[in-house]
Amino acid sequence: MTQQMKVGLALSGGGAIGAYQVGVVKALAESGTQVHAVAGASIGALNGAIVASSPSLTQAAARLAEVWEHLGANSPLMANKSVYIKLLAQAAFAFGQTNVLGRAAQLVATLASKANVLPNGLSELADDALLSDQPLVQLMERYLDTAALANGLPLYVSLYPTQGGLVDILSCLRAEFGLGETAKSIFRHIQSMPIETQKEALLASAALPLLFKARSIDGVRYSDGGMGGWSTMQGNTPVTPLVEAGCNLIVVTHLSDGSMWDRHAFPDTTIMEIRPRSTLRRHDGTLGGAKDLLGFTASHVNSWIAQGYEDTLATVARIQAPLQARQALRDSYDALALSQAQDQAADDALASAMARIK
């Protein structure tokens with residue numbers, strides 16, 4: 001008999017752009033897709049928890065829409081005022097002794113050498129978080145059914161072993177400029193963890209460095225899972241745990257224009273990539289990407305949801321015929337194997353009857 005189709009859904013990270021995945025899930029549900037396992041990084045981990053705990057993909061889409069309607073109206077970004085004041089004081093100290101250009105040169109030199117060595121005055125900022133994660137905690141308490149998650153689809157999340165927020169950011173910058181690589185993210189199966197640790201893992205996966213505090217799991221501190229294996233998007237595109245779980249068709253969502261992740265790293269797995277057909281950017285300029293990452297507004301959320309829905313419908317339509325042909329071929333192999341088995345049984349019965357006649 002041929003191998004049955006086992007579908008995995010990989011939800012990448014991208015902050016507020018995660019609204020795009022609401023449209024993806026809605027379109028997949030409408031196309032009749034059945035998902036057997038889910039993996040998520042960063043905001044994809046939080047979206048993945050809603051999908052995994054829902055009884056169907058249709059209900060998952062409805063629940064995600066409700067969650068993101070709430071996020072569009074109530075931004076989860078709430079400043080830690082004490083940390084913000086501390087940041088200003090420490091930055092003033094760090095930059096106060098020399099001119100700004102001289103200090104910037106020192107930072108670049110540090111970036112090009114060792115990301116875990118920080119200039120004096122900034123090292124104390126390595127573990128601070130500018131934003132409170134209480135809005136995210138309250139969001140999970142309101143929308144995530146932990147009992148349903150325990151009995152839901154297998155969920156895997158991406159976690160990054162942190163060295164401190166500022167060090168992590170410098171490591172990512174070095175990797176972006178081709179001066180090194182970040183450590184790889186690890187993947188944890190949520191349902192295998194104690195109930196009280198599951199939410200910690202979800203919050204850790206979404207803990208953007210410097211913005212949200214890292215979380216300790218089994219004595220190790222983790223933060224945003226999307227930082228691992230930066231140049232290949234290893235952590236931010238959590239396909240590996242789905243392959244290891246036996247998924248042979250994986251739907252991958254990308255939340256960045258021109259993601260560098262390469263499906264050819266998984267040659268034995270059928271990959272369906274949902275890539276944006278037009279830019280996901282909603283802000284121009286040097287800091288436009290950061291503004292998009294934190295752009296929890298109703299207009300942006302709704303536009304990303306619509307874009308995810310349209311892109312997914314277009315992708316499904318493009319590959320639906322080949323998939324149907326592949327499934328038809330598998331059905332033919334199954335029918336042939338069954339027919340051969342029936343013929344063999346008939347031959348055995350005939351041989352037995354002839355033996356009795358003799």
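Author: Two residues are in contact when heavy atoms of theirs lie within 4.5 Å. By that criterion Tyr143 touches Ile50, Glu66, Val67 and His70, leaving aside residues up to four places away in sequence. This is a predicted model, in which local features need pLDDT of at least 70 and side-chain atom pairs count only at pLDDT 80 or more, whereas totals for chains, interfaces and linings use all residues. Residues are numbered from 1 along each chain as its sequence is written, and side-chain values use heavy atoms, without hydrogens or water.

Reader: Why is Tyr143 called buried?

Author: Buried means under 20% relative accessible area, exposed over 50%, and partly exposed in between (1.4 Å probe, protein chains only). Tyr143 has a relative accessible area of 16%, so it is buried. Tyr143 belongs to helix H6, residues 134–143; helices are DSSP runs of H or I with at least four residues, numbered from the N terminus. Arg63 is 80 residues from Tyr143 in sequence, yet their C-alpha atoms are 7.9 Å apart.

Reader: What makes H8 largely enclosed by the rest of the structure?

Author: Nine of the 12 residues of H8 are buried, and therefore the helix is largely enclosed. Among these buried residues are Leu166, Val167, Asp168, Leu170 and Arg174.

Reader: How does the span of H8 compare with the expected one?

Author: The expected span is 1.5 Å times one less than the number of residues. H8 (residues 165–176) has 12 residues and reaches 17 Å from its first C-alpha to its last, close to the expected 16 Å. After H8 comes Gly178, with a positive phi near 75°.

Reader: What does H8 give to the lining of the largest pocket?

Author: H8 gives the most, with five residues; H8 and helix H11 (288–293) each supply at least two. A pocket is an open set of points on a 1 Å grid over the protein atoms alone, with protein on both sides within 12 Å along at least five of seven lines, and lining residues have an atom within 4 Å of a point. The lining numbers 35 residues, of which Glu176, Trp230, Gly289, Ala290 and Leu293 lie nearest the centre of the pocket.

Reader: How confident is the predictor in the chain, and where does pLDDT stay under 50?

Author: pLDDT is the predictor's confidence in each residue, from 0 to 100. The chain averages 84, and 79% of the residues score at least 70. Over residues 83–113 pLDDT stays under 50, and the model has 36 contacts for them beyond four places in sequence. Residues 120–124 are also below 50, with 11 contacts beyond near neighbours in sequence.

Key: 1 Å grid on protein atoms, 1.4 Å probe; cavity = no way out; pocket = protein on both sides within 12 Å on 5 of 7 lines; lining within 4 Å.
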